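Please walk me through this structure in the viewer. Tell me what to select at each stop and what is found there.

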Amino acid sequence: TDFYNQVKGTIPVEKIEQVTDRIEAELLQLKRKEIPSGLIGEKVMKELKKLDKIAYIRFASVYREFKDIDDFKKEIKQLR
């Protein structure tokens with residue numbers, strides 16, 4: 001998945017599994033037939049922000065379709 005590709009090598013596999021399990025459990029509690037991809041993406045970004053700021057920025061740049069360096073600057077500024 002995109003999440004795994006963003007964090008492999010920077011976060012231990014056990015931690016990745018914990019995060020994905022936590023996200024899955026949260027989504028299952030919603031008891032919906034369909035889960036909007038936007039909701040999944042936001043949950044992944046929330047978890048990445050706590051785990052690894054660089055992985056978070058990389059994921060956010062793809063997920064939010066950054067268009068230029070100003071988009072990166074804005075997101076980095078919000079992290080500080």
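In which helix does Ile23 lie? Select Ile23 and look: it lies in helix 2. Keep in mind throughout that this is a predicted model.

**Stop 1: Ile23**

Ile23 has a relative accessibility of 7%. The cut-off for buried is under 20%, so Ile23 counts as buried. Ile23 and Lys43 are 20 residues apart in sequence, yet 6.7 Å apart in space, C-alpha to C-alpha.

**Stop 2: the core**

Next, select the residues of the largest nonpolar core. How many residues does this core have? It has twelve: Val19, Ile23, Leu27, Val44, Met45, Leu48, Ala55, Tyr56, Ile57, Phe59, Ala60 and Phe66. In soluble globular proteins, nonpolar side chains tend to be buried together.

**Stop 3: Ile16**

Go back to helix 2 and pick Ile16, which lies there. Is Ile16 buried or exposed? Its relative accessibility is 6%, so Ile16 counts as buried. The C-alpha atoms of Ile16 and Glu47 are separated by 9.7 Å, and the two residues are 31 residues apart along the chain.

**Stop 4: a negative patch**

Select Glu14, Glu17, Asp21 and Glu24, which form a negative surface patch. Click on Glu17 for a closer look. Glu17 is found in helix 2, which covers residues 13-29. Glu17 counts as partly exposed because its relative accessibility is 45%.

**Stop 5**

How many salt bridges does the structure hold? It holds six. Side chains of opposite charge can pair when their charged atoms come close.

Begin with Glu26 and Lys43. Their side chains meet in a salt bridge, 2.8 Å from N to O. This pair links distant parts of the chain: Glu26 is in helix 2 and Lys43 in helix 3, 17 residues apart. Glu26 is partly exposed, with a relative accessible area of 26%.

Move on to Arg64 and Glu42. They form a salt bridge, and the closest N and O atoms are 3.6 Å apart. Where do the two partners lie? Arg64 is in the loop between helix 4 and helix 5 (69-79), and Glu42 is in helix 3, so this pair ties together parts that are 22 residues apart in sequence. Arg64 counts as partly exposed at 36% relative accessibility. Glu42 is partly exposed too, with a relative accessible area of 39%.

**Stop 6: a network**

For the last stop, select Lys50 and Glu47. Their side chains meet in a salt bridge, 3.6 Å from N to O. Why are they separated by about one helical turn? Because Lys50 and Glu47 are three residues apart in helix 3. Check the surroundings of each partner. Lys50 is exposed, with a relative accessible area of 56%, whereas Glu47 is buried, with a relative accessible area of 4%. Salt bridges that share partners join Arg22, Glu47 and Lys50 into one network.

Notes: Residues numbered from 1 in each chain as written. Predicted model: local features only at pLDDT ≥ 70, side-chain atom pairs only at ≥ 80, totals over all residues. Heavy atoms only, no water. Patch = residues over 30% accessible without salt bridge, like charges linked within 9 Å, V, L, I, M, F, W, Y side chains within 5 Å. Areas by Shrake-Rupley, 256 points an atom, 1.4 Å probe, with all protein chains shown as cover. Salt bridge = Lys/Arg side-chain N within 4 Å of Asp/Glu carboxyl O. Lys, Arg positive; Asp, Glu negative; His and termini not counted. Charge placed at Lys NZ, Arg CZ, Asp CG, Glu CD. Helix = DSSP H or I, 4+ residues; strand = E, 2+ residues; numbered from the N terminus. Buried < 20%, exposed > 50% of the residue type's maximum accessible area, 1.4 Å probe, protein only. Core = buried A, V, L, I, M, F, W, Y, C linked by side-chain atoms within 4.5 Å.
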